[in-house]
Structure formats: structure tokens, C-alpha cells
Amino acid sequence: MERRDAALLRWFNDLAVQGIFTTDRDLKILSWNRWLELHTGRAAGVLVGRPLLQAWPELVERGFDQYYHEALNGQVRVVSQALHGYLLPMRGRRGNQSMPTMPQTARVAPLTEGREVIGTITIVEDVTERTVREAELRSRIDALDDARERAQAALRAKDEFLATLSHELRTPLNAVLGWARILRTQRLGEKEMARAIETIERNAGAQVRLIDDLLDMSRILSGKLRLDLRPIDLAGVVSTTVDVVVPSASLKGIALRLRLAEGLPPFVGDPERLQQVIWNLLSNAIKFTAAGGTVDVVLESTDHGVELRVHDSGQGIPPDFLPHVFERFRQGDASASRRHGGLGLGLALVRELVELHGGTVVAESAGVGQGATFSVRLPRHLLVPDPGSAPDDPLAQGAALPLKGQPVLVVDDEPDSREMLRTLLTLPGATVSVADSVQDALDTLVRCESHQRPGVIVTDLAMPAHDGYALLARLRATPSLAAIPVIALTAYASPEDRRRALDEGFAAYLTKPVDVEALITTITAVLARGAPNGGSPPPPR
Amino acid sequence: MSSILTESQRDALSELINIGFGRAAASLSRLTGHRVQLEAPTVAIYPIQQLHQALGELVQGEIATVHQVFSGPVTGDALLVLDAHGAALIKELLTGEPALPISVDASAQEVITEVGNVLLNACLGMFGNLLQVHVSFSVPQLTLETLRAVLDSVTINREELRYGLVVHAAFRVRHGAVSGYLVIILSVASLDRLLDAVEGWEHRLDR
């Protein structure tokens with residue numbers, strides 16, 4: 001029996017995946033197992049026979065001597081990792097990583113023989129994996145909590161929005177239904193009849209605008225809103241829109257003043273969308289300005305392009321709300337008792353539409369009661385370059401069209417960029433064809449009758465499958481196409497890129513975003529350099 | 001149903017346990033580096049059959065129980081009973097780290113085991129000293145079960161008449177407070193011995 005016990009103990013000593021050590025009644029170390037030797041780096045041969053608290057003075061410094069005295073008194077003690085970190089200082093390891101201290105839990109218990117306590121036994125366990133797992137779990141729970149809070153906030157915003165939406169949709173419907181019933185059931189005088197119909201029309205119109213706003217926002221959010229860019233008379237768009245809101249301003253007793261700079265250059269934009277921008281800013285200004293107030297609209301040319309300012313003397317914007325005015329569904333006063341209707345979409349739409357035009361919009365207000373100014377800045381690149389033509393009528397005179405009748409092929413895989421180039425080059429009179437890949441470009445060129453063949457090709461450099469360089473090489477390898485000058489238009493803008501492109505034989509090199517004037521000038525210059533149809537090829541590199 | 005105790009027995013028991021609590025609080029403070037206070041305990045005794053009802057009014061839902069069996073001249077079961085909220089809070093207050101749901105937070109379970117161990121041993125140690133007997137304890141075990149399951153496990157297959165001594169323990173650590181209950185289940189013989197000794201102790205104090 002004793003021999004079997006000894007054998008068992010030896011196996012415990014060697015096989016245990018925990019640290020196990022025992023002491024006698026005087027806390028002298030009796031045994032120190034293999035695991036402990038391995039992890040503390042101290043051999044049983046050195047430790048056995050030594051007083052535990054002298055061999056490990058840290059135990060006393062950290063108050064664990066108390067636990068050993070209590071164990072000698074017959075009590076079991078738990079050493080939890082969360083409270084103590086570890087029992088014995090030893091290096092830990094997780095995967096390949098070494099850790100300065102191994103996280104441990106331990107039990108300190110009396111060793112008894114019958115009723116008598118003859119010593120202590122301590123079992124130490126490495127809980128690295130557990131502590132790491134718990135920390136990971138905790139951070140995942142924290143992340144989930146964050147996500148849930150964000151989702152709840154979004155849900156609240158949506159609920160508020162739906163409540164507002166329902167209110168805003170019902171309000172005009174009330175008027176429409178109410179007056180329609182009166183019309184059906186009552187005999188009205190001519191004046192009242194006219195008023196009823198006017199009210200129905202006005203409210204139905206308001207609802208149409210509401211629904212349009214919603215649809216627009218939805219299109220913008222899904223990336224489906226496209227601008228219908230064309231040359232426009234921006235001043236004309238502004239004054240037309242101002243005319244639309246004059247009645248509501250005068251009804252409220254607000255003075256609406258318009259100042260348009262003279263001789264503004266023509267401009268490329270989507271007239272309906274810009275009208276929407278201006279209308280939203282104006283109705284906002286009128287909505288938040290009391291009777292007797294003023295709304296000023298100024299359109300002027302600046303160094304960077306054009307600036308449209310709508311300034312009102314109205315209730316102003318509190319500083320804490322100012323950063324949020326362009327956020328969707330945000331309203332200064334979202335309470336049920338708010339005085340002003342609306343979905344909180346107008347200004348969000350303004351910002352999106354202006355940004356689609358490459359512009360910016362900012363709101364300024366000195367605070368509540370101080371009025372507000374909204375400034376829309378549209379960049380210069382939207383100005384149509386038309387040397388010599390009358391500024392207000394760029395397309396009327398043939399002489400003003402530097403590329404008139406000139407066939408140009410645009411090659412770009414990115415649809416927006418392609419269409420933008422088509423529009424920009426059509427304005428100065430070019431006949432533009434487009435291709436979305438090198439192969440498409442070659443097919444287009446081959447299909448063309450030679451007299452319709454583009455005199456110049458404008459190509460993007462980076463395209464999937466075959467790039468602009470490949471296009472150039474294929475053209476040079478095709479005798480009938482070899483003479484067509486090719487202009488590289490690329491977002492690669494380093495001097496090395498430029499040198500390489502010119503070395504390879506591109507007629508010119510331009511960078512994106514495209515500078516319209518530079519593009520037209522370059523095309524004109526390239527065309528002037530060599531006769532495009534049947535002329536000499538560009539100089540070899 | 002705590003009428004089993006006379007007024008003076010209750011006072012004496014409370015005082016005795018309060019001394020044990022003082023020791024437990026001191027050792028918890030030393031362990032955690034935070035000042036841990038244990039409020040003066042209130043005690044009541046119930047026949048074991050009524051224990052579920054009595055405790056059920058005090059702790060609800062899933063509970064964490066630290067269980068130690070003690071043996072020697074006096075034998076019985078000692079339990080620290082915390083509700084899930086209290087269990088999580090103890091870990092947070094003592095370690096400063098937020099707890100996970102208690103069932104997956106092994107670290108929290110261990111902290112509760114250590115705290116329960118200190119508290120139960122301090123109280124039973126007082127009884128042992130008083131009775132001048134040596135009480136030995138099993139290794140503390142933590143269970144996450146319903147109160148009914150816990151009580152069934154300590155009462156099963158035991159026909160003898162037994163009583164449960166229920167001690168309300170309220171910890172104060174840093175800015176927070178946690179309530180729990182110590183339940184010491186004793187045979188009627190052990191309880192009688194204890195109550196006699198407690199009264200004797202108080203008489204000696206009074207003299």
C-alpha cells in the first residue's frame with residue numbers, strides 16, 4: 001500500500017498540469033513538483049527542506065503568510081486571479097509570446113492525518129487562456145453594447161423621422177380633404193371657390209415637394225442621383241427661383257432683396273438641382289424669419305468660382321446646433337410643439353446637391369435671434385471656357401466654339417468621368433464618341449469611316465485589362481490609326497508619370513481632376529500641331 | 001419564524017458574528033487594497049423546511065452560492081448566497097473590472113468563492129473558538145443554480161431535524177454596496193450546543 005502511494009505520488013509529481021507543493025507544520029517545503037520546477041525555474045532539490053516563506057519572501061510581502069497560517073489552522077484558502085493576479089512570481093507564455101507574469105489561481109489547504117493538521121498543500125493553476133478569453137469576451141460585449149446603442153439611436157432618429165413624416169404628410173392632406181369635402185357638399189361663392197382650389201393646389205404642391213425630397217434623398221443615399229450637367233445661366237436660375245418664393249415672402253411681410261453680380265461667366269450645372277438648392281435655402285430663410293424681417297440673396301464671382309449667399313434676419317441658429325444643420329432628419333426643434341413644419345431634409349439635400357456639383361455650403365449664425373447666412377460656393381472648373389464669346393450665350397455663335405465639329409474619342413472605364421468629359425467637350429462644339437475600354441476604343445475606331453475618324457483621342461491611363469499605354473501601342477501598330485494623337489488624362493500626377501507618358505509617345509499629358517480650359521487648349525494645340533487625318537505621325541520618342 | 005431565538009440569544013449571536021465579520025472585513029481589505037466594510041449583521045433562525053420560503057423573499061432569480069461543508073464536533077453546511085446582480089457587483093467593486101454575465105465569468109466566480117470562503121470561515125471560526133472545538137472545512141464550491149436546487153442539495157437524504165441560521169451580510173466597498181446572506185445549516189443538537197455556548201459567552205461578558 002505504501003509503495004503504491006509512493007508510486008502514485010510520483011506520477012502526480014511528474015504528470016500534473018498544475019503546480020503542486022506541500023509543506024510540513026513548520027512550513028518547510030516537503031515537495032515541489034515537476035510543473036513548478038519547469039515554470040519557476042527552481043528545482044525541487046534546491047527548495048525541499050527550505051522554509052517556504054524564506055524561499056519565497058514575496059508570499060509574506062503580499063500577505064499570503066496569513067493564508068498559510070490559516071491553512072495550518074485547518075482552513076482552506078482560495079487565491080483568485082482577479083484579486084491577486086498570481087501566487088508565485090513566474091513567467092508566463094501564451095502561444096509564442098512570453099509574459100512577465102503568469103496569471104494564476106491557487107488553493108491553499110491543510111494536509112491532515114486524522115484530525116491533526118500535519119502541513120499544507122498548495123495547488124497552483126495557470127489561467128492565462130481563461131483571462132485572455134474573458135478579456136476578449138469583454139471587449140466583444142463592449143463592442144456589441146456600442147453597436148446596440150448606435151442602433152438604438154438610429155432607431156430613435158428613424159422613429160422621430162417617421163412621426164414627423166406622418167405629421168408632415170397629413171397636414172397638407174387635411175387641407176386638401178377638408179376643402180374637397182366643402183366643395184362637394186357646399187355651394188360656394190366664386191371667391192371662396194377660388195380660395196378653396198388655391199388651397200388644395202398649394203397643399204398638394206407642398207406634398208409633392210415633400211415626396212420629391214424624400215425620393216431625392218433616397219437616390220442620393222443609394223448613389224443613384226445623377227446630375228444632368230449642361231451650360232446654364234446661373235443668375236437666371238437664381239432670379240427665377242427667387243420669383244417663385246416672392247409670394248410667400250410678401251405674405252409673411254418679409255422683404256426679399258436680390259443682388260446679382262454683372263457679367264458672370266456661363267456655368268456648367270444641373271439647373272433643376274441648383275434651383276432646388278436655392279429654393280430650399282430661400283424657403284428655409286423665409287420659414288425662420290418673422291414678419292418685418294429681410295432675406296438677402298447675393299450671387300457673385302469670387303477668386304475660386306461663384307458664391308451664392310442667402311442671408312436672413314431671422315431667429316438664427318444656436319451654436320450647439322450649427323454643426324448639425326446639414327444632417328439628415330435633424331431639426332433645431334424636433335419637439336412635438338415645434339412651430340415650423342418640414343422633414344429636416346431640405347438642408348441635407350442642399351449639401352448633397354452642392355457637393356455633387358463639386359461645391360461646398362456653409363452655415364453661419366451669430367446665435368439665437370442673430371439671423372443666419374448660408375453660403376454656397378461653386379468651383380471655377382464649372383465655368384465654361386469660351387474665349388471671345390458673349391458671356392451669356394456661349395453656344396450661340398460658331399466662332400466661339402473652339403472644337404466645333406471636331407470628332408474626339410474619349411476612353412475611360414469610369415462612367416461618371418466619361419460622361420463628364422463628354423459633356424465638357426460637347427460644350428465647346430466637339431463631336432464626342434466614348435469608349436469604356438481599349439478594345440471598345442479600337443472597335444469604335446475601326447467602325448468609323450475614315451473621314452469621321454476622331455482627330456484626337458483623350459484616354460485615361462489606369463484601366464482594367466488594358467491601360468492607356470496598351471491603347472497607344474495598339475494604335476501605333478495599326479497603320480490606319482497610327483497618326484491619331486493621343487492625350488493622356490490621368491490621376492497619376494507625379495513628374496515621373498508625366499515623363500514616362502510623354503516618352504512613350506502621348507501627345508500631351510493632363511492630370512485629373514480635369515481643368516477644362518487646359519483640356520480644350522491642349523486639344524486645340526495638338527490638333528494644330530499635325531493634321532489629324534492622314535497627316536504625319538507625332539515625332540518618334 | 002425566527003421566534004426560535006430569544007431576544008438575548010439573537011443579540012449574542014449577532015454580536016459574535018459581528019466580531020467574525022470584523023475579521024473578515026479586515027482580511028478582505030488587506031486582500032483587495034480597498035477598504036471593505038461589513039455592516040452589523042442581522043440574524044434569524046428557521047427550521048429547514050421554511051428556509052426556502054424565508055430566503056426566497058430575500059434573494060430572487062439565479063443565484064451564486066459558495067458552499068462549504070464543515071465537520072468536527074459541530075457539523076453542517078455553510079453557504080454564502082448572492083443574487084446574480086450582487087455576484088457581478090462584488091467582482092466589480094473588489095477588482096475594479098466590469099463583470100461579464102456571471103455564468104461565463106470564471107474570474108468573477110473565483111472572486112466570489114474567495115470572498116465567501118473568507119466570510120464563512122471567519123464566522124464559523126468564531127463558533128469554533130467559542131465552543132472550544134476545532135472545525136474543519138471542505139474546499140469551497142461555487143454553484144450557479146436556483147435557490148431550490150441549492151437547498152435541495154444540502155437537505156437531501158437527511159432525516160434529522162435541522163435549522164438554518166440566516167445572517168444578512170452587507171458589504172461596502174468603495175462607492176458601492178452589496179447584500180448577501182450567510183446560511184449556516186446545523187443539526188438541532190449542534191444548534192443547541194451553539195446557543196448554549198453563545199449564552200454562556202454573553203453571561204461571562206456581562207459579569
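Arg172(B) has a relative accessible area of 39% and is therefore partly exposed, a class lying between buried (under 20% relative accessible area) and exposed (over 50%), with a 1.4 Å probe and protein chains only. The model is predicted, so local features need pLDDT of at least 70 and side-chain atom pairs count only at pLDDT 80 or more, whereas totals for chains, interfaces and linings use all residues. Residues are numbered from 1 along each chain as its sequence is written, chains are lettered from A in the order in which they are written, and side-chain values use heavy atoms, with hydrogens and water left out.

**Salt bridges**
- Over all chains, the search finds 21 salt bridges, each being a side-chain nitrogen of Lys or Arg within 4 Å of a carboxyl oxygen of Asp or Glu.
- Arg172(B) and Glu39(B) form a salt bridge at 2.8 Å, N to O; because Arg172(B) lies in strand β7 and Glu39(B) in the loop between β1 and β2 of chain B, the pair ties together parts 133 residues apart in sequence.
- Glu39(B) is partly exposed, at 35%.
- One network, joined by salt bridges that share partners, holds Arg107(A), Arg130(A), Glu134(A) and Glu110(B).

**Helix α1 of chain A**
- Helices here are DSSP runs of H or I of at least four residues, and strands are runs of E of at least two, numbered from the N terminus.
- None of the 14 residues of α1(A) is buried, so this helix lies largely in the open.
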